[in-house]
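Morning, everyone. Please take a look at the structure on the screen. I'll walk through some backbone details, then the ligand, then the open spaces.

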Amino acid sequence: MRVIDSHTEGEPTRIIVDGGPDLGDGSVADRALRLRDDHSWIYAAILSEPRGHDAIVGALLVPPTDPSCVTGVIFFNPAGNLGMCGHATIGLTVSLAHMGRLQPGTHRFETPVGIVSAELLDRNTVRVTNVESYRHQPNVTVNVDGIGPVSGDVAWGGNWFFLTEFDLLDLNPENIADLTLAAKNIRAALSRAGVTGAGGEEIDHIELFGAPKSPTAQGRNFVLCPGGAYDRSPCGTGCSAKLACLAADGKLAPGETWQQESVIGSTYDCNFVKHPSGGIVATIQGRAFVTSEATLVFDADDPFRGGLCSNGI
Ligand code: PYC
């Protein structure tokens, strides 16, 4: 299996360019379900140890159903499928350009949750226009183990997020273990309380906000992804969810720039336009760099050829 690796503002992406499973026909959403139901071995085999680690997001390219799209793409991490992925869309665009498959300009990608576009501004810089984002529920309070009551908003940015201001810990790399535990406890509290996204969908991303360190940024975040990894980048779908909440509160105007800083200090420049259905359409600009082009080998004699799960077995 041939892959190309990149990182976007610190967060890694591994794109399968050849040798991935054949998911047949149908919408990209249907084929994403087929990946989950019939080929879930791919999550650990490609992303987890010994070939990778928990933070990597994978991207499987599939033929698009919409001919205006360069490709269909299904994003996943070691815990399963993602709806959309902002950092991986930036990584995908830069990687396809690196391979000579894309030129500077605007390109469309078909994801399970809708069509997104990516403008390649230079060999590393991409501006992604996401699917519609919206706030689903404002000011939800849950009782969190080890913390007590925590209030925040539930919003859609291509994945489901719970977003909360967090002042119990500084959002810096030294606190990542404690931030991860706090975010996992918030996620468990939401699940216990039956708080979900629309249609009962699980809220699998938790986004904690604090004061920015850079004078040019408006906010800093820590994002827990499905499973146990945190996003090294400011999280494209998480920024989209954040902008939807800021727009709903009247705290950010269309076209105004919001610079979001990640827990490691990398940034995205974001803004939005209103969507006729009531939500917003966010654009996220960041940089990606190709880090390797590789062939993954699956040796029939290797007892761990299917990868290790995130708990090490
Ligand atoms: O950038 O949208 C994103 C993302 C989701 C999970 C990891 N990165």
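Let's start with Glu-9. Glu-9 lies in the loop between strand 1 (2-8) and strand 2 (11-18). Helices (H or I, at least four residues) and strands (E, at least two) are DSSP runs, and they are numbered from the N terminus. Glu-9 is not a glycine, yet its phi is positive, about 50 degrees. Most residues other than glycine have a negative phi, and most peptide bonds are trans.

Before I go on, a word on the source. This is a predicted model: local features need pLDDT of at least 70, side-chain atom pairs count only at pLDDT 80 or more, and totals for chains, interfaces and linings use all residues. Residues are numbered from 1 along each chain as its sequence is written, and side-chain values use heavy atoms, with hydrogens and water left out.

One more backbone detail. Glu-49 and Pro-50 are joined by a cis peptide bond, with omega about 5 degrees. Where is Pro-50 found? In the loop between helix 2 (41-47) and strand 3 (57-62).

Now the empty space. Rolling a probe the size of a water molecule over the atoms shows where empty space is left. Here are the rules. On a 1 Å grid over the protein atoms alone, a cavity is a set of points where a 1.4 Å probe fits but cannot get out. A pocket is an open set with protein on both sides within 12 Å along at least five of seven lines. Lining residues have an atom within 4 Å of a point. Grid points are joined across faces, edges and corners, and a volume is the space filled by probe spheres set on the points.

How many cavities of 30 Å³ or more does the structure hold? One. The largest cavity has a volume of about 90 Å³. It is lined by 15 residues, and Leu-82, Cys-85, His-87, His-205 and Asp-231 are the closest to its centre. Helix 3 and helix 5 are the elements that give two or more residues to this lining.

What sits in the largest cavity? The ligand does; that is, more than half of its atoms lie within 2 Å of the grid points. Around the ligand are Glu-11, Cys-85, Gly-86, His-87, His-205, Cys-225, Asp-231, Cys-235, Gly-236 and Thr-237, each with a heavy atom within 4 Å. Helix 3 (86-98) and helix 5 each supply at least two residues of that shell.

A polar backbone atom of His-87 is 2.8 Å from a ligand oxygen. For Gly-236, a polar backbone atom is also 2.8 Å from an oxygen of the ligand. Thr-237 uses a polar side-chain atom, 2.7 Å from a ligand oxygen. Alone, the ligand exposes 240 Å², and the protein buries 99% of that. Those areas come from the Shrake-Rupley method with a 1.4 Å probe.

The largest pocket holds about 540 Å³ of space. Its lining has 23 residues, with Asn-81, Leu-82, Gly-83, Glu-201 and Asp-204 nearest its centre. Helix 1 (28-38) and strand 5 (80-81) each give two or more residues. Helix 1 gives the most, with four.

The second largest pocket has a volume of about 240 Å³. Of its 13 lining residues, Asp-153, Leu-163, Glu-165, Lys-242 and Asp-249 are the closest to the centre. Strand 9 (148-156), strand 10 (160-165) and helix 5 (236-248) each give two or more residues to the lining.

Notes:
Polar contact = N/O pair within 3.5 Å; in protein donor to acceptor, adjacent residues only side chain to side chain.
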